[in-house]
Amino acid sequence: MSLTITPFDAPLGAEITGIDLRQDLDDDNFAKIESAWHNYGVVVIRDQNLSKAEQIAFANRLGPVSKRGLPAEKRKEDDDHGGTIMMITNKRNPDGEFVGSVPEGELWFHSDLSYRLVPDQATMLHALALPDSGGNTMFANMYKAYENIPEALKKKLSGRKVLHAYDFATTAQVNIDEGLDNIQHFWQPIFVRHPITGRTALFASRLMSAQIEGLDRADSDSILQELFDIIEDPAIIYEHVWCLGDLVFCDNRCCTHARREFPMDQLRMLQRCTIQGAPMIPAA
Ligand SMILES: [Fe+2]
C-alpha cells in the first residue's frame with residue numbers, strides 16, 4: 001500500500017489512504033500530508049488506531065500541541081495528557097456523570113481558541129466510537145466565505161477587528177452586555193492572511209464572534225448575521241460523515257467547524273488534540 005491523496009468532490013477537504021501513522025510516517029509521507037493540509041484545508045486519514053501518545057506524536061510533526069482552553073479545574077477527563085487531549089464524548093461513569101467534554105447535541109460553527117491572542121492553527125479528531133447516524137462534523141471554507149462577501153461590505157469591513165468571546169456554551173453566544181471580565185475574549189482581525197498560502201480568509205464564527213469594531217451595535221449585529229449566513233452556505237461546506245478510525249484535521253486559519261446533533265443513547269467518542277498557531281495576520 002502506498003499513500004494516496006484524493007481530493008473530495010467538495011469545496012474543501014481530501015482523503016488519505018494507504019498509510020499507518022504508527023509505522024509509515026517517514027519525511028516524504030509527512031511532507032505529502034502537510035502539503036495536503038495546506039492545499040485542501042481538511043485532511044481525512046482513514047483506518048488509524050492511535051493511542052493518545054501516538055496521536056500527539058503525529059500532531060507534533062505539524063506544530064507544537066497546545067493546551068486546552070478550558071481551565072484545568074473544570075475538565076472532566078481522567079487523563080488529558082497534561083491538558084493536551086480532550087475526549088469529546090457522551091460516555092458516562094457509573095454515577096451517571098459525563099467523563100469527557102462537549103458530550104451532547106449540536107455545536108455551532110467556530111474556530112478553536114479564536115478568543116485568544118494565539119488561536120489553534122489545527123484541530124485533530126480521531127474517531128473511537130460512533131453512533132449509527134448523526135454527529136457529522138461540518139467544515140466551512142473561509143477563503144470562499146471571504147470571496148462571497150459583497151464588495152461594498154468587504155470595503156466597509158477592511159482593516160476592522162471582530163471581538164471573539166467564549167464561555168464554553170455550544171449553541172449560544174456570550175452576552176457581551178453582561179461584561180467580559182470573566183470571559184475569555186480577544187479582538188481579532190476580521191480578514192486574515194494565511195501565513196503559508198498567502199490567501200485571505202474571513203475570521204469569524206456564529207459561536208464566538210460577538211461584535212465588529214467601530215460600528216454601532218445594530219449595524220454590527222446585522223452584518224455579523226450576514227457573515228454567518230455566508231459562512232454557513234452549504235455551497236462552501238464539506239460535511240464529514242465519520243467512519244471508525246478516521247483521523248481528521250483542519251486548518252483553523254482558513255476553516256471553521258461545527259457539529260450536527262446525534263442520538264444521545266448511542267456512544268460517540270472522538271479523541272482530540274490541537275496544534276498551537278501564531279497571532280493572526282491581518283489581511284493587507
Ligand atoms: Fe472545535
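Analyst: Here is the sheet, strand by strand, and then its helices.

This is a predicted model, where local features need pLDDT of at least 70 and side-chain atom pairs count only at pLDDT 80 or more, while totals for chains, interfaces and linings use all residues. Residues are numbered from 1 along each chain as its sequence is written.

The chain has five helices and 16 strands. Both are DSSP runs numbered from the N terminus: helices are H or I with at least four residues, strands are E with at least two.

Seven of the strands form an open sheet. Its order is β1-β2-β3-β14-β6-β16-β4, with mixed pairing. Two strands pair if DSSP finds at least two bridges between them. The edges are β1 (4–7) and β4 (86–89), each pairing on one side only. From one strand to the next, the twist averages 20°. Angles run from 0 to 180 degrees between N-to-C directions, and axes are lines fitted to C-alpha atoms, for helices over the stretch in contact.

Now zoom in on one pair. Strands β2 (residues 14–17) and β3 (residues 42–45) run parallel, joined over three bridges. Isoleucine 16 has isoleucine 45 in β3 as its bridge partner.

Helix α1 (residues 27–40) packs on this sheet. The helix touches β1, β2, β3 and β14 (247–251). Contact means C-beta atoms, placed from the backbone, within 7 Å. The direction of α1 makes about 140° with that of β3.

Helix α2 (residues 52–62) lies across β6 (120–129) and β16 (269–276). Its direction runs at about 30° to β16.

How values were computed
Contact = placed C-beta atoms within 7 Å.
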